[in-house]
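Good morning, colleagues. Please have the sequence and the structure before you as I speak.

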Amino acid sequence: MKLSSGLLIAALAACVFSVGAQTLPASALPPQEPAARINVEAILGVEGLDGKVRKYPRTLSEYGFFLDGSGRTPDPRLIAYELNTPLYSDGAEKLRYVYIPEGKQLTAQGDGLLQFPVGSAIIKTFAFGEGADQRYIETRVLLHRADGWLALPYMWDEEQTEARLALVGGRVPITTPAGETISYQVPNKNQCKNCHQLNDVVTPIGPKARNLSGDWLEMMGQAGALDKASLAIAATHEPLPVWGDRVSANVALVARAYLDVNCAHCHQPGGSASNSGLDLRWEQDSPHAIGIHKPPVAAGRGSGGRKVSIVPGDPDASILVYRMSSTEPGVAMPELGRATNDPEGIAAVRAWIEAMEPAS
Amino acid sequence: MIRLTIAAALLASAAPVLAENHTIAPGEGAQERLQEALILAEPGDTIVLEAGRYALTDGLSLDVDGVTIKGAGMGADGSASILDFTAQQGAGEGLLVTSDNVTLRDFAIENAKGDGIKSKGADNIIYHALRVEWTNGPDEKNGAYGIYPVEASNILVQDSYVRGASDAGIYVGQSENIIVRRNRVVENVAGIEIENSNKAEVTENLATRNTGGILVFDLPGLPKVGGGDVLVARNAVIDNNTDNFAPEGNIVASVPAGTGVMVMANTNVQVKDNALINNSTSHVMLIAYSQDYDDERYQPRPVNVMLQGNVYGSGGANPDFEGGAMLLAAMGAEALPPVLSDGLHTNLKVEDAVPVLSLGLTKVGQPLTEAQPAMWSQPEGVSAEALAEVALPADMELRLK
C-alpha cells in the first residue's frame, strides 16, 4: 500500500490540527486524543479553524466521528443503522452510521433513498473476525458537501490504531467467515464512484426507506432527525424482507430485494451498467428489463454460453446465476466488491428462477 | 517535482493549477502509482507512461475531465508502453474512462480479463495509436471488446490495432458522432462493430482474419435504439474467415465465419469504395433482427442501404450458415454472389455491377427453412442521398497536434 502524496500532504500540512474551538500545534496533542467535536469542516471540505482546506482528509480521525483513534467508540451524534437486506462483501461484518448536522433532518422520497442535508456523512466500517480477533479492514465515508457527495476509502493499519486515506484502494489478505483465504479489495476512489454514481453524480445506495426497519425510521422521527411527513410516507411502503428471516418470506421478494441491493446501483437507467438494458431495481416490473428472456448486450464470455439473463424455471441456463456464481474477473458480477461467491444470495436467486413458470 | 505540486494543489484547492505532466515509470508499485496519478490528475494534465512493461493486478480507471494518457508507443517491444493485465485480479476491464475530453494515445493494453479499454458516458474521447491485444490470439476466454466506447457523443478511434477480442475489436455502442478510421483489426470475432449508434464513419480500416469484418447492428430493448446514418467506406475487408469464437448468447456468436460487411436493423447505411476480398460466406450481408423482441421503438430491418464503388474479390465459396452448402448446390455455383440479403431489406440501392442473392424471406422472424432464394434485381425509383459528413468538435483534432 503506497500513498506517497498522502504522506507529503502530511508533511506539508504545517503540523497543525483543528480540534475543538482552538488551534493547537500537533506536538501538543497526544496521538490518541479524542476529537472534541465532529469536524464539520472535514466533512464539508471547507477551510478549517487552522486556515487549511482539506479536500481529502488524510485520516479517519480527522473527522472526529469516533471518540477513540481505533474507531470502536462512535461519537454520540452518530446514529447506527442496519439494512434489512445487505450488500454482500465477502462476508465482512459492517458497522454503519449516519451523521446528520445538528438541527437538520432527513427527508424521505417514497420508499427510496433518504435525502440527506448538506453536511451529513455516512460511515461504514468493514470488519472480519469474531470477538477479540475482530479486525477492522477499512472504513468508507460518504460526505455530503455543497457540491455533492464524495466517497472516500480509509484503510486501517496493522495496529488498528489509525485508518488512513487510501485513494488508490488496496488489497489485504483476509480469511472470510466461510474460511476462504482471499485477496480482499479495498476500492479506490473511482471504484467507490463506479457503484455510487447515478447520472454521473455520486449518491448513497444503502439507506433507502424500504431497506430500513420501521422501528429505526420511527426512532429517527421521534428524535427529530427525520421529517414527520416523510415518516408517514415511508411507513406506508412495504419494506424489503429481512435477510435473516428470509426462509419465511416470499421467494420472489427475497430475490428481488437481493438484486435491488447487490446489483441495481449499476443495473438501472443512469447507473454504471445502464448500457446493458438490464434494470434490477425493486420497482422495475417489466419482465424483459429484469432479465427474463433478455439476451445480453456486451457480456462477452460473461454469458458462459447461455443465451439470456433469466430462463424461467432453469437457473442453470440463466446468465444471471452464472455470473453470480463466478469469481473470475470479466465474468463475475458484481464486478467490484467481492472475491468470493455468496451462497445465500445465489440460493435465493436460484429459488426464484426455479419457481418461475417455464415458457411453453 | 510533480508530487509536490499535487500535494500543494490539494492543500490550497482554490489556487489555479497549470496543466502538468505526471510521468510514471514501470516497475515496483506501478499499479498504485499509476492509479494514484489518474485519481489526482487535474483537468488539462497529461499522464506520461514511460516505455516498458507495467505488470498490473487490477483494472485502472480515470474519472477526471480533460486528461491525456500518453505512452511511448503501441508496439510490442521495449520502446513501447505496455499495460500488461495478465495477472489482473479484479474489475471488468483493463482501463475504464468515465470523464469527458479524454485523450488516450500511444500505449498498449495486453490480456485484460474483461474488456480492454471501456469508456462510458465519456464525450469527446480520442483513442489514438493504441494496441489492445489478447496475445494468445482467438480464444473464447478472451475479453469481449478491445476498444469499447459506449453511451457518448463525439468519438474518434484511429490508427489503432486490436487483436483477439472474443466479441468485437472496436465496438462503439449507443453513441453518436463517431469516426473510426485507419485502424487494423485482426483475429477478433467482429473486427469493427457499430451498434445502436448514429452518425458514424468507418473508413480506411483494415479488417482481416476476423469472423466478420465490419458489422453495423441495432438491438432492441436498450436505452438507445434506432441506429443509422453509418458510412462504411474505403476499408480493406479481407480474409475474414476465422471460426466464430464468441461465447454463445452474444449477438456476434450468430455471425457466420466469412462475413465481410454485415448490416442488421439499421437505417441509412452506405457501403462505398471498399475492397472486399476472400470472405468465404458473403462480402456484404443485409439481414433483419430475427429474435423475439418487445420494443415499440425498434425497427428490425435494414432500411435505405446503398452499395457503391466497392471492389469485390473472390469469396462466398464456403457459406457458414445452415443450408449454405445446399444453397450452393441448388444454384449449381462454386460460390454465392457477393451480396446476400435475407429479403427483408427496405429500399436497397445497389450501384455495383454484381449479382445479389435474396433469401426471399417476407416476414421478420421467419425461419431460414422457409427461404425462397432467388436472384434479386434493382427495382426502379430507389435512390440514396449522400450522408452528411460526421464533424467532430474542432478542438478534438487539435488535441492530437
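Let me begin with a question: is strand S4 of chain B, residues 58–62, largely enclosed by the rest of the structure or exposed? What you see is a predicted model. Five of the five residues of S4(B) are buried, with 20 or more other C-beta atoms within 10 Å of their own. The strand is therefore largely enclosed by the rest of the structure.

I turn to the pairing of this strand. S4(B) runs parallel to strand S7 of chain B, residues 90–97, and four bridges join the pair. On the S7(B) side, B:Gly90 stands opposite B:Asp58.

Both strands belong to an open sheet of twelve strands in chain B, with mixed pairing. The order is S4-S7-S10-S13-S16-S19-S22-S25-S28-S31-S33-S34. At its edges are S4 and strand S34, 374–376, of chain B, each pairing on one side only. On average, neighbouring strands of this sheet are turned by 20° against each other, direction ignored.

Further along the order, strand S28 (residues 282–287) and strand S31 (residues 339–341) of chain B pair in the parallel sense, over three bridges. There, B:Leu286 has B:Ser341 in S31(B) as its bridge partner.

Finally, the interface. Contacts link 48 residues of chain B with 45 residues of chain A. On the side of chain B that touches chain A, helix H1 (2–11), helix H2 (30–40), S7 and strand S13 (145–150) of chain B each supply at least two residues. H1(B) provides the largest share, seven residues. By class, that side of chain B has 18 nonpolar, 18 polar and twelve charged residues.

Methods: Residues are numbered from 1 along each chain as its sequence is written. Chains are lettered from A and ligands numbered from 1 in the order in which they are written. This is a predicted model: local features need pLDDT of at least 70, side-chain atom pairs count only at pLDDT 80 or more; totals for chains, interfaces and linings use all residues. A residue is buried if 20 or more other C-beta atoms lie within 10 Å of its own, exposed if 12 or fewer, and partly exposed in between; C-beta atoms are placed from the backbone. Two strands pair if DSSP finds at least two bridges between them. Axes are lines fitted to C-alpha atoms, for helices over the stretch in contact, and angles run from 0 to 180 degrees between N-to-C directions. Two residues are in contact if their C-beta atoms, placed from the backbone, lie within 7 Å. Ala, Val, Leu, Ile, Met, Phe, Trp, Tyr, Cys and Pro count as nonpolar, Asp, Glu, Lys and Arg as charged, and the others, Gly among them, as polar.
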